[in-house]
Amino acid sequence: MYDLLMLPQCKGNNHWVLLVASVMSRTVFIYDSLGGNNKALLDLFCQLMCQRAQIVKGGLEKFSSEFKAPPCNKQRHGNSCGVFALMTAKCLVMKKHPTMLRQANDSVYRD
């Protein structure tokens, strides 16, 4: 029915990242514009999918618990993480590599 699950997540009440789960390959990627450690977020997602599988038959419980942090653009100032998460999601929906947003981001934000 769908290829990707995209879940913007707020870490520590002040930083947004984008968790992307590929349904076909059963892999999870976390796009973080600050490049932080997101292993705990991955573990929480895998736990949620296992719990969901107890309720929904044919669920998505078998995701790889291997942490994958794909290349993504890094923010240059402290308050643009939400924009990065949304623009990364837009690139993925449009089937473009998330680093493609760099050119668009450079025209919008100037340091």
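Analyst: Start with the word itself. A pocket is an open set of grid points with protein on both sides within 12 Å along at least five of seven lines, and a lining residue has an atom within 4 Å of one of those points. Keep in mind that this is a predicted model.

Now the pocket. The largest one has a volume of about 150 Å³. Its lining is made of Asp3, Leu4, Met6, Leu92, Val93, Lys95 and Lys96. Sort the lining by type: four residues are nonpolar, none is polar and three are charged.

Next, follow α2 to another space. The structure has one cavity of 30 Å³ or more. About 60 Å³ of space lies inside the largest cavity. Unlike a pocket, a cavity is a place where a 1.4 Å probe fits but cannot get out. Among the residues around the largest cavity are Trp16, Tyr31, Asp32, Cys72, Cys81 and Phe84. Here α2 gives the largest share of the lining, four residues. By type, this lining has six nonpolar residues, three polar and one charged.

Cys81 leads on to the cysteines. The cut-off for a disulfide is 2.5 Å. Cys10 is partly exposed, because its relative accessibility is 37%. Cys50 is in no disulfide either: the nearest cysteine sulfur, in Cys46, is 7.0 Å away. Cys50 also counts as partly exposed, since its relative accessible area is 40%. The structure holds zero disulfides.

Last, look at the loops. Ala69 sits in the one between α1 (39-53) and α2 (81-93). Asn38 sits in the loop between β3 (27-31) and α1. In sequence, Ala69 and Asn38 are 31 residues apart, yet their C-alpha atoms are 8.4 Å apart in space. Are these two residues buried or exposed? Ala69 has 52% relative accessibility, so Ala69 is exposed. Asn38 has 3%, so Asn38 is buried. The cut-offs are over 50% for exposed and under 20% for buried. Asn38 also has a contact to note: a polar atom of its side chain lies 3.1 Å from the backbone oxygen of Gly36.

Definitions and conventions
Residues numbered from 1 in each chain as written. Predicted model: local features only at pLDDT ≥ 70, side-chain atom pairs only at ≥ 80, totals over all residues. Heavy atoms only, no water. Helix = DSSP H or I, 4+ residues; strand = E, 2+ residues; numbered from the N terminus. Buried < 20%, exposed > 50% of the residue type's maximum accessible area, 1.4 Å probe, protein only. Points joined across faces, edges and corners; volume = space filled by probe spheres on them. Nonpolar A, V, L, I, M, F, W, Y, C, P; charged D, E, K, R; others polar. Polar contact = N/O pair within 3.5 Å; in protein donor to acceptor, adjacent residues only side chain to side chain.
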